[in-house]
Amino acid sequence: MPNGSRCPDCGSSELVEDSHYSQSQLVCSDCGCVVTEGVLTTTFSDEGNLREVTYSRSTGENEQVSRSQQRDLRRVRDLCRILKLPLTFEETAVSYYQKAYQLSGIRAARLQKKEVVVGCCVLITCRQHNWPLTMGAICTLLYADLDVFSSTYMQIVKLLGLDVPSLCLADLVKSYCSSFKLFQASPSMPAKYVEDKDKMLSRTLLLVELANETWLVTGRHPLPIITAATFLAWQSLRPSDRLTCSLARFCKLANVDLPYPAASRLQELLAVLLQMASQLAWLQVLRLDKRSVVKHIGDLLQHRHMLVRMAFQDGTAEVETKQQQPQGRGQQEEVGDSTFDLPKRKRPASPALLLPPCMLKPPKRTHTMPPDSVVTGDEDISDSEIEQYLRTPQEVRDFERAQAASRAAMSVPNPP
Amino acid sequence: MDADSDVALDILITNVVCVFRTRCHLNLRKIALEGANVIYKRDVGKVLMKLRKPRITATIWSSGKIICTGATSEEEAKFGARRLARSLQKLGFQVIFTDFKVVNVLAVCNMPFEIRLPEFTKNNRPHASYEPELHPAVCYRIKSLRATLQIFSTGSITVTGNLDLMHTCSELHHSLLMDAALSCVGSRSSSSGPNVKAVATAVEQIYPFVFESRKEIL
């Protein structure tokens with residue numbers, strides 16, 4: 001209570017402070033007279049300092065995320081949960097998507113490409129953590145086209161400057177073999193077809209390593225070769241009951257898709273096994289074929305390094321023998337005529353199957369070597385050379401007449 | 001199988017793409033009517049004209065820009081372009097042959113050994129990228145030469161790119177590369193020219209890395 005103040009109406013000294021909303025007033029408690037009024041105040045200090053506040057700052061406009069980005073971030077998390085990835089994968093994929101969204105090439109892309117970006121971020125995360133996930137699986141989940149996916153994937157890896165390791169084949173073998181329904185008896189799976197998972201997995205891994213050493217994996221899709229190796233491993237563990245089962249039926253029983261090239265990969269793998277079997281003394285007398293070699297896959301895999309080296313050594317010796325003859329012939333011709341170039345060196349025919357399959361069956365291509373011309377680009381061009389590219393006036397008139405006739409024929413309606 | 005270090009590699013130029021301008025507007029209907037061996041793509045507004053010798057396909061736009069593809073050397077591309085310009089002059093257009101430029105070269109080279117693509121990719125990151133699910137070859141980029149190499153497991157290498165800058169701005173670099181590369185392998189090109197030298201330089205630059213990843217079974 002301030003000292004010395006009195007009410008101007010009744011002279012009472014009972015003055016109290018009373019707040020009228022945000023305004024503090026000095027009021028006489030006896031007669032209600034308002035002695036003094038206070039100043040208006042606000043809780044916003046900027047306004048007190050007479051500074052302007054912009055609309056975007058007051059409303060948090062810049063903090064908003066666009067609808068498209070919100071939806072795609074949700075899709076990244078949903079895709080990670082569908083694939084049952086660890087939580088760290090999810091956070092990494094989200095951060096990659098946020099980085100990619102800052103790029104102008106990605107932000108201005110179509111919706112189809114933005115959906116593919118979601119899959120690309122998840123795939124990059126799985127690759128960096130050696131999680132076996134193929135591009136085909138991602139495209140299947142997103143209903144995306146592989147061509148769009150591949151171009152977008154290359155673009156993102158390049159723009160973000162990421163170093164993405166290659167697909168780990170052993171992890172993919174383990175993951176893909178686990179998806180086969182071969183390890184428990186069921187009404188659709190006879191008991192003689194059920195197999196132990198660990199034995200199956202180890203034999204399949206050995207077969208895939210053998211295929212990798214013999215050029216069957218390089219430059220190919222991995223799933224067909226894994227399917228063929230799994231089928232061979234499964235057959236070889238109990239050949240008496242399973243040799244009658246075909247690859248298509250095996251895939252149907254195991255409830256997996258049959259990749260189209262898997263049959264070709266199976267034949268190539270069997271051919272490699274036959275070539276290895278010819279190096280073993282106790283198998284040479286048996287005259288094996290592609291059906292009976294399956295019974296001896298265990299022996300072949302046990303000694304596979306030695307067998308592959310022996311087969312390759314034979315190839316090397318023959319290649320070196322054939323290689324000397326063309327060189328000698330070339331040297332003689334070079335001595336005789338110094339201006340004559342060395343003959344174009346062709347690859348000598350190599351035996352067996354330890355070359356890449358695309359070299360064993362090269363596409364037939366008649367590539368005629370053009371003669372060495374002395375064209376400099378600045379020769380004179382005569383008029384007679386140009387006349388062959390122009391029509392004569394008579395030909396022009398005939399062409400116009402033919403065009404008019406064809407146009408008239410098309411414009412005449414058919415009689416009903 | 002070991003490769004001799006002094007073996008000669010054949011580099012075969014399979015395609016050269018060049019452009020030039022006529023500096024006058026071209027009436028496509030007139031070209032389609034009076035020119036032989038022409039295809040008028042009315043919906044996209046261009047005319048395709050094929051020359052017999054040299055074997056070139058030209059894309060003619062009404063603005064006067066012409067793209068020639070299919071030549072097997074730069075001299076052949078220029079000769080074909082000049083022949084095309086002469087044909088258009090005969091048709092009555094005021095053609096001025098300007099701005100001739102080679103924009104792309106495609107070359108093929110075969111190594112005498114197979115290449116282990118996974119090892120090559122691992123040793124030459126980040127220039128090399130190998131996606132077997134997308135393409136059977138390794139894509140290797142040489143930024144200084146603006147070249148892109150497709151390296152297959154058979155040893156075949158395809159060189160693509162706009163290789164024209166090599167001749168103008170990297171003479172010293174080119175000389176150093178030639179001196180270093182000639183010590184390990186000699187190369188012979190089917191034709192001469194600045195772009196072909198750049199192609200040879202690209203092949204020589206990639207050869208040591210490819211040689212390290214060649215096929216060997218121990």
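This is a predicted model: local features need pLDDT of at least 70, side-chain atom pairs count only at pLDDT 80 or more; totals for chains, interfaces and linings use all residues.

Trainee: How are α9(A) and α10(A) oriented to each other?

Mentor: Helix α9 (residues 169–178) and helix α10 (residues 197–213) of chain A pack at an angle of about 140°, with their axes 10 Å apart. Angles over 145 degrees count as roughly antiparallel and those of 65 to 115 as roughly perpendicular, and the rest are oblique. The two helices, α9(A) and α10(A), are therefore oblique.

Trainee: Which class do 7 residues of the contact of α9(A) with α10(A) belong to?

Mentor: On the α9(A) side the contact includes A:L169, A:A170 and A:V173, and on the α10(A) side it includes A:L201, A:L205 and A:V208. By class, 2 residues of this contact are polar, 2 are charged and 7 are nonpolar.

Trainee: Is the crossing of α3(A) and α6(A) left-handed or right-handed?

Mentor: The axes of helix α3 (residues 67–82) and helix α6 (residues 111–128) of chain A come within 9 Å and cross at roughly 40°, which makes α3(A) oblique to α6(A). The crossing of α3(A) and α6(A) is right-handed.

Trainee: How many charged residues does the contact of α3(A) with α6(A) have?

Mentor: Among the contact residues are A:R71, A:D72 and A:R75 of α3(A), and A:K114 and A:E115 of α6(A). The contact of α3(A) with α6(A) divides into 6 nonpolar, 2 polar and, as the charged group, 5.

Trainee: What volume does the second largest cavity have?

Mentor: The structure holds 2 cavities of 30 Å³ or more. Residues lining the second largest cavity include A:C126, A:W131 and A:D171, and its lining has 5 nonpolar, 2 polar and 2 charged residues. The volume of the second largest cavity is about 40 Å³.

How values were computed. Residues are numbered from 1 along each chain as its sequence is written. Chains are lettered from A and ligands numbered from 1 in the order in which they are written. Side-chain values use heavy atoms; hydrogens and water are left out. On a 1 Å grid over the protein atoms alone, a cavity is a set of points where a 1.4 Å probe fits but cannot get out, and a pocket is an open set with protein on both sides within 12 Å along at least five of seven lines; lining residues have an atom within 4 Å of a point. Grid points are joined across faces, edges and corners, and a volume is the space filled by probe spheres set on the points. Ala, Val, Leu, Ile, Met, Phe, Trp, Tyr, Cys and Pro count as nonpolar, Asp, Glu, Lys and Arg as charged, and the others, Gly among them, as polar. Axes are lines fitted to C-alpha atoms, for helices over the stretch in contact, and angles run from 0 to 180 degrees between N-to-C directions. Helices (H or I, at least four residues) and strands (E, at least two) are DSSP runs, numbered from the N terminus. Angles under 35 degrees count as roughly parallel, over 145 as roughly antiparallel, 65 to 115 as roughly perpendicular and the rest as oblique. Contact means heavy atoms within 4.5 Å. A crossing is left-handed if the near helix is turned anticlockwise from the far one by less than a right angle, and right-handed if clockwise.
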